[in-house]
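Student: I have this model open on my screen and would like to talk it through with you. Could we begin with the overall picture and then go into the details?

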Amino acid sequence: MAKISSDMLWELAVAEVQSQESGAGEGNERETICERSVFLMGSKTGGKTSILLRCLERDEPPKPTLALEYTFGRRAKGHNTPKDIAHLWELGGGTSLSDLIQIPITLVSIRSLSVVLVLDLSKPNTLWGTMEKLLHSAQAQVEKVSSQAQKSKPGGKQQKAAHSAARVLPKDYPDRELISPFPVPLLIIGSKYDLFQDFDSDKKKVISKTLRFLAHYYAASLVFTSIKSESLMSKTKSFFSHLAFGLDRGKTVSCDSGKPLIIPAGSDSFSQIGSPPSADLDITSLHAKNPKDLWNKVYERVFPSESHSEQRELKDPAKDPQYSEPQIDAMRAQKDQELEQYKRNAAKSWKELQLET
């Protein structure tokens with residue numbers, strides 16, 4: 001066997017690395033594994049876990065999400081090809097644990113990040129507050145990470161990641177100059193449509209038009225769904241698979257407030273949505289600062305906000321009934337009593353000691 005010089009080995013190694021980095025050759029392109037990140041957040045007990053399991057075709061009972069949970073999905077592009085990977089993060093607790101958003105939104109994930117906001121249609125009084133708090137927190141974290149990447153070494157991987165994550169809308173996007181696009185692709189899911197459909201028609205119109213406005217304002221897709229409807233879940237799965245695996249999301253569009261909304265990003269416009277539904281209200285008397293503020297004021301006249309009470313209630317997750325563990329909770333209560341007794345005895349001992357001196 002002929003002996004290969006060390007110089008030649010180095011040349012071969014360099015050529016191999018360059019070939020891998022450039023993706024040269026059709027065979028390499030076919031075998032490339034694509035990784036994406038999807039971050040789910042939204043209303044407490046809004047059905048996020050159930051929707052995620054159905055989209056992943058996992059036949060298992062949903063469990064309450066404890067703080068922040070991670071899973072992943074895989075899907076092959078074709079026969080005998082590597083499977084693409086979707087990193088899936090789910091935030092529990094509604095708005096109370098929004099500080100944890102910084103964990104899934106990082107320099108690594110931002111290159112291929114999408115956000116899914118699940119809003120419980122059956123609880124309209126918490127809808128706006130949940131949306132505003134979570135989207136604000138997520139957007140702030142995305143912008144923070146992007147800013148950190150821009151300050152890194154010019155031309156480095158971090159700077160390239162931030163550049164590739166920057167969302168640029170087509171020039172012909174409806175109302176392009178009037179909207180405020182979310183910095184990464186955004187899907188808004190209105191859950192529990194089976195309960196929502198029994199609402200009064202006027203209330204349904206207010207909720208539907210408001211969510212249409214918000215989705216268009218953020219350049220997001222909007223879909224109403226229910227885990228009790230196979231057809232609606234099929235549409236929802238198409239939107240989810242588009243974010244997680246790059247699949248076609250379909251061309252179905254439904255803007256009728258009397259039916260489940262299915263509106264891909266870029267399929268709506270402010271002229272089609274119209275003005276806020278306010279039959280018995282003089283809009284000019286609301287003194288809104290901008291269109292979004294106007295829609296907020298009109299919406300909360302019909303559905304007063306309850307978001308702050310939810311956040312106070314869930315400040316201590318240990319007291320949340322959905323995380324109850326009878327044996328552990330009983331032991332915790334016993335230890336709390338012992339601690340209080342210890343504090344009282346210690347205070348009494350200090351008082352006796354002071355009297356003696």
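Student: What does the accessible surface of the chain come to, and how much of it belongs to carbon and sulfur atoms?
Tutor: This is a predicted model, and in it the accessible surface of the chain comes to about 21100 Å², with 52% of that area belonging to carbon and sulfur atoms.

Student: And what share of the residues is buried?
Tutor: Of the 357 residues in the chain, 40% are buried. As for secondary structure, the chain has 12 helices and seven strands.

Student: How many of the contacts join residues at least 24 apart?
Tutor: If you take the contacts between residues at least 6 apart in sequence, 71% of them join residues at least 24 apart.

Student: OK, strands now. How many residues of strand 4 are buried?
Tutor: Strand 4, which covers residues 113–120, has eight of its eight residues buried. Leu113, Val115, Leu117 and Leu119 lie on one side, while Ser114, Val116, Val118 and Asp120 lie on the other, and both faces are covered.

Student: Why do the residues split into two sets like that?
Tutor: In a regular strand the side chains alternate between the two faces of the sheet, so neighbours in sequence point to opposite sides.

Student: Which strands pair with strand 4?
Tutor: Strand 1 (residues 35–42) pairs with strand 4 in the parallel sense over six bridges, and Phe39 stands opposite Val115 there. Strand 5 (residues 186–191) also pairs with strand 4 in the parallel sense, again over six bridges; in that pairing Val116 stands opposite Leu187, and Leu117 stands opposite Ile188.

Student: Is strand 5 enclosed or open?
Tutor: Strand 5 is largely enclosed by the rest of the structure, because six of its six residues are buried. Leu186, Ile188 and Gly190 point one way, whereas Leu187, Ile189 and Ser191 point the other way, and all of these are buried.

Student: What does strand 5 join through four bridges?
Tutor: Four bridges join strand 5 to strand 6 (residues 221–224), and the two run parallel. Within this pairing, Gly190 has Phe224 in strand 6 as its bridge partner.

Student: Switching to aromatics, how many pairs turn up in the whole structure?
Tutor: A search of the whole structure finds 12 aromatic pairs. One of them is formed by Tyr193 and Phe224, with the rings 6.2 Å apart centre to centre and 40 degrees between the planes, which makes the pair tilted. This pair links distant parts of the chain, since Tyr193 belongs to helix 6 (residues 193–196) and Phe224 to strand 6, 31 residues apart.

Student: Are those two buried or exposed?
Tutor: Tyr193 and Phe224 are both buried.

Student: Which residues do ring pairs link into a cluster?
Tutor: The cluster is made up of Phe182, Phe213, Tyr217, Tyr218, Phe270 and Trp295, linked by ring pairs.

Student: Last topic, helix 8: what should it span, and how far apart are its ends?
Tutor: Helix 8 has 16 residues (230–245), so at 1.5 Å a residue it should span 22 Å, and its end C-alpha atoms are 21 Å apart, which agrees.

Student: Which of its residues are buried?
Tutor: The buried residues of helix 8 are Leu232, Met233, Thr236, Phe239, Phe240, Ser241, Leu243, Ala244 and Phe245. Just after helix 8 comes Gly246, which takes a positive phi of about 75 degrees.

Methods. Residues numbered from 1 in each chain as written. Predicted model: local features only at pLDDT ≥ 70, side-chain atom pairs only at ≥ 80, totals over all residues. Heavy atoms only, no water. Expected span 1.5 Å × (residues − 1). Buried < 20%, exposed > 50% of the residue type's maximum accessible area, 1.4 Å probe, protein only. Pairing = 2+ DSSP bridges. Contact = heavy atoms within 4.5 Å. Areas by Shrake-Rupley, 256 points an atom, 1.4 Å probe, with all protein chains shown as cover. Phe/Tyr/Trp six-rings, centres within 6.5 Å; stacked < 30°, edge-to-face > 60°.
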